[in-house]
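Open the model in your viewer and keep the selection tool at hand. The tour starts inside one chain and then moves to where two chains meet.

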Amino acid sequence: MLRLTCPYCGVTGEETEFHPGGEAHLTRSGPGATDEAFRDYLFQRRNPRGVHFERWHHQYGCGKWFHAARCTLTLEVFGTYTAQTAVIPEHIIDAIQSRRPDWRPEA
Amino acid sequence: MSTRIKSGGRLIDRTRKVSFTFNGSRLSGFSGDTLASALLGSGQTLMGRSFKYHRPRGVVGAGSEEPNALMGLGQGPTFEPNQRATTAELHDGLQAESQNHWPSLSIDVGVVNAALSRFFPAGFYYKTFMAPRAAWKHVFEPVIRKTAGLGKAPTEADADRYEHFYAYADVLVIGAGMAGLQAALEAGRAGARVLLVEQTPHLGGRLLSDEVEIDEETSDAWLSRTIAELQALPNVEIRTRLMGAGVYDHGYVTGYERLTDHMSDHMPGGEGPRHRLWRIRADRIVTATGAMERPLAFAGNDVPGVMLAAALRDYVALYGVTAGDRTVIVTNNDDAYRTAIALKRAGLEVPVILDTRDAAIGPLPRQARDLGIRVELGKGIATVKGGKKVEAVEICSQAGEGSVLETIPCDAVAMSGGWSPVVHLWSHCGGKLVWDTDQSHFRPDPDRPPTGHDGAGFVLTAGAASGALHAADTMPDAVAAGRRAARELGFTPSDTTAPTANAEAEEPLQPVWMMPAGASYKLRSKAFLDFQNDVKVSDVQLAAREGFESVEHAKRYTTLGMATDQGKLSNINGLAVLADSLGTTIPQVGTTTFRPPYTPISMGSIAGAARGPLFKPLRKSPMDDWHDANGAVWEPVADWRRPYTYLREGEAQHEAVHREIRNTRGNVGVLDASTLGKIVVQGPDAAKFLDLIYTNMMSSLKPGRCRYGLMCTENGFLFDDGVVVRLAEDKFLCHTTSGGSDRVHAWMEEWLQTEWWALDVYTANVTEQYAQIAVVGPKARQLLESLGGMDLSREGLSFMGMAEGDLAGIPARVFRISFSGELSYEVAVPACYGRALWDLLMQHGAPLGVMPYGTEALHVMRAEKGFIMIGDETDGTVTPHDLALGWAVSKKKQDFIGKRALERPDLIRPDRKQLVGLATQDPATVLPDGAHAVAGSNEYGGPKTIGHVTSTYYSPTLDRSIAMALIEGGANRMGEVLEFPVDSQTVIRATIVDPVFYDKAGERQDV
Ligand SMILES: [Zn+2]
């Protein structure tokens, strides 16, 4: 059972206090999108063995959504950050690279 | 025969006799006994029957690893099966019964299974399932049902109380033997907050049986000094009878505490809880869980009286009980000589020590020889003679095929195949193992621990659990673990010299996986690897021959290490036999997965307080008491309870429902609609946001007006509906389904926070802040007007309008909306006024003949009007167009959730299942809910399903049955007659009709 820190209210809580929301940083495909782009938006998800970006909801806390950068293999949490961003913040990239020097964000 | 010896037994109090029953017979033991030691002390060697062959079985071990002596304890509301006699503490009045026997423990017909054991090979269950169906039904199943199973399920509700307990520790130490005590002391001295837990009632572990010299003191002196120091440290807490059950992500640990099982005066459900499930977070976990002795695989190693060598000396040292008067020792290592020496010193006979090795020259063998014990080198056991108890052993050469050299009469056998560290807790969360060739066991690989939130290892091992089996190695390993745990958390541990522990030096063991090495099939098929699941050497070999090469497959095929054993006694021996059969090595084969809990924990402890009304808290409307006092038949609706109908004296439920409908349509009815979801959406961008959330255009709604709205998922499927009210330019009230309020509110927040965060919008779920009452029927206006305070005339409040004001002095919002097709008002008042308004409506409505109506009347009336119900007409694969709700899907809006999906080819297919009405040919016949319509044949030649019934009722208004269904291409099949085969004899025929059965023009609601 993971332990996560909500970047909004600052609480470090049990996994049961949060609700997972799948992969973070998806780009919404709305009207006008091709069938392929829309399919990928709806159904195609990364499932990496290693660094992963996830959405979490502080369901039984402040109610805010945030993102977590986490290693799916070692369960290390590199950091959590606001969900109101389209890009991975610089300080999160630094935190990951300090632990995984070879890791690069996907283009 | 097993018996109580004159002296010894440090854990028992011979002045306090305890009486208990075993299979109904009255027996006695002493305070401090376990059930197993008391049974042995009473001469009861036979303690159960094995799972598959019903072979007689006795106790093998003295602790939590015990596979055989499983008992049903207690009776009625306190009965619990599968309890280990070795860990059950004796108390006055304890009632125990053995398991898997039929009709009795000493005469068991199931033993016939053993005679037929060639027909019960590895994979028996899988092979049996392949047999003809009739054989299964008439032969296998009745026999298996009668004979199989570990214990009986309780038949009464558990009378005890249970609870969860949350705890935090810097360092959690699991196991309080020498290593755990020392590790806790090191971390505690450094200032860390330490929790030390021990599954047994006693601190000290193996030191209680095996004396060791520590810093020139006896281990007893060291124990008292160490425990006293730990108890004096304010930052250290020690808990006994608390087992570390499971280790999970990021230092989460479950502990299982047994608080009352050892008490004779515990009243079930009385003062305290019986068990506690500890939910612990620890930054570092030190597993000081010790090691487990391995059995040896020789023919007859399961005959009652054959036990693990260390367990035998534990019974002598701790309980003053011996398994027999003449004990043969069989071993591949020096440690088992301790048992020979202990027995001899207790005045018991040890006719021979059979040592598989070619030499035994260490101090322990020397001591044994000095005591006059015969030692035979290079020898093993060919077979154990005896059925329900050991009578003799036949000795053979370990290197040979089992030719009998000599028969030695005896009544007990102590076996030792070496020791394996208890790696379960290390492994639960991903700690890796390494094969230790010298000691022939898997031990934790300190370089590959489970990792925590910071990427650092959070589990350390101490002492024998690390593989440091010998006391001289155990102590420094424990010191290092305790200090490292503290240091990693920023504490400064002591760097003083560690204590020195001295015990007799030991020579290396010889790996022995089969005895003798060249055992015949006959011997191998009586050599058990897993006592509990009756898995023999020959079974694992057969599995390997049949191609089950992966250890995980072989485990499931043979059932090796399943059930409560979970890779304890059977583990390494089974892996070794599998490796040998496959011509590979044990590390190549690897281990199966270790899963929590370490030993089974009670279901009660898992449930904790979440039982009965606390299992799921019930949401109640402000008028709940009134409903309850006025005949409500309750129906669960999401987390709420709502009146299904209000039953009157002498009425059947359907009669009550029909009465409520007739009265509402003909007169006036009131419905408690408080459970409807209510979400306020407010802010400068509220309208823009709702245009994205709903399929309809909401921005065009005028303040003070209501509109029925639909919500889709991004997949284009309908997921909730309800009336949206524009309270002000920048403020909307969104009604949702009763079950959907939390979901819809969370959905809105998710989109606001994660996609459209630039919108200036706030949401609030105010569902429980308001009571809501629907006043419905031709006299609805008359009733509300009698309350006074608001203009609710046709002109004052038109259909789909909203008014705010005071109704009989109560602040109210009135919505003129209808889910029944009648003249209808929904009145929302602050929740605290809900009951007052309800009472007023009942009082003022009495002369008008007002009646409350329940959810069933609501459902029938909406179906008469062809209104859909989320969850009836929708199932997560239905679009608005499928339900002929295309009019509520905006074509003007550029975007809304689900818009892109609704353009997908599959969602615009003309032959999708579409909503239709159904009129059965016989108006009295009501279609069963969910009945399938069939036409033609499918690809397998069976009838093809073309749709199903979604709502079906008897309509008292129309005096006939009505139904709605989703039918392929239904929109264009008006007038067709469909067939619904509802059982093998009956086909119900129904005609497709318009789903609006009543008042199609909508004249009744707009008056
Ligand atoms: Zn928070």
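**Inside chain B**

This is a predicted model. Begin with the largest nonpolar core, a set of 113 residues. Select B:Leu35, B:Phe298 and B:Tyr315, which have the most contacts inside this core.

Now keep B:Leu35 and show what surrounds it. Leaving aside neighbours within four places in sequence, B:Leu35 is in contact with B:Phe20, B:Met71, B:Leu73, B:Ala85, B:Ala88, B:Leu90, B:Leu94 and B:Ala96.

Next, select B:Leu195, B:Ala527, B:Val535 and B:Ile572. These residues belong to a second, separate core, which has 46 residues.

**Where chain B meets chain A**

Show both chains. Here 30 residues of chain B are in contact with 30 residues of chain A. The area buried between the two chains is about 2700 Å², and carbon and sulfur atoms give 47% of it. Select B:Arg281, B:Gln753 and B:Arg900: within chain B, they lose the most area to chain A, together 26% of what that side buries.

Between chain B and chain A the count is six salt bridges, and 19 residue pairs are in polar contact.

Which elements of chain B give two or more residues to the side that touches chain A? They are strand S16 (275-287) and helix H21 (741-754). Select H21(B), which gives the most, with five residues.

Finally, colour that side of chain B by residue type: eight residues are nonpolar, nine polar and 13 charged.

How values were computed. Residues numbered from 1 in each chain as written. Chains lettered and ligands numbered in written order. Predicted model: local features only at pLDDT ≥ 70, side-chain atom pairs only at ≥ 80, totals over all residues. Heavy atoms only, no water. Core = buried A, V, L, I, M, F, W, Y, C linked by side-chain atoms within 4.5 Å. Buried < 20%, exposed > 50% of the residue type's maximum accessible area, 1.4 Å probe, protein only. Contact = heavy atoms within 4.5 Å. Buried area = accessible area lost by both parts, 1.4 Å probe. Salt bridge = Lys/Arg side-chain N within 4 Å of Asp/Glu carboxyl O. Polar contact = N/O pair within 3.5 Å; in protein donor to acceptor, adjacent residues only side chain to side chain. Helix = DSSP H or I, 4+ residues; strand = E, 2+ residues; numbered from the N terminus. Nonpolar A, V, L, I, M, F, W, Y, C, P; charged D, E, K, R; others polar.
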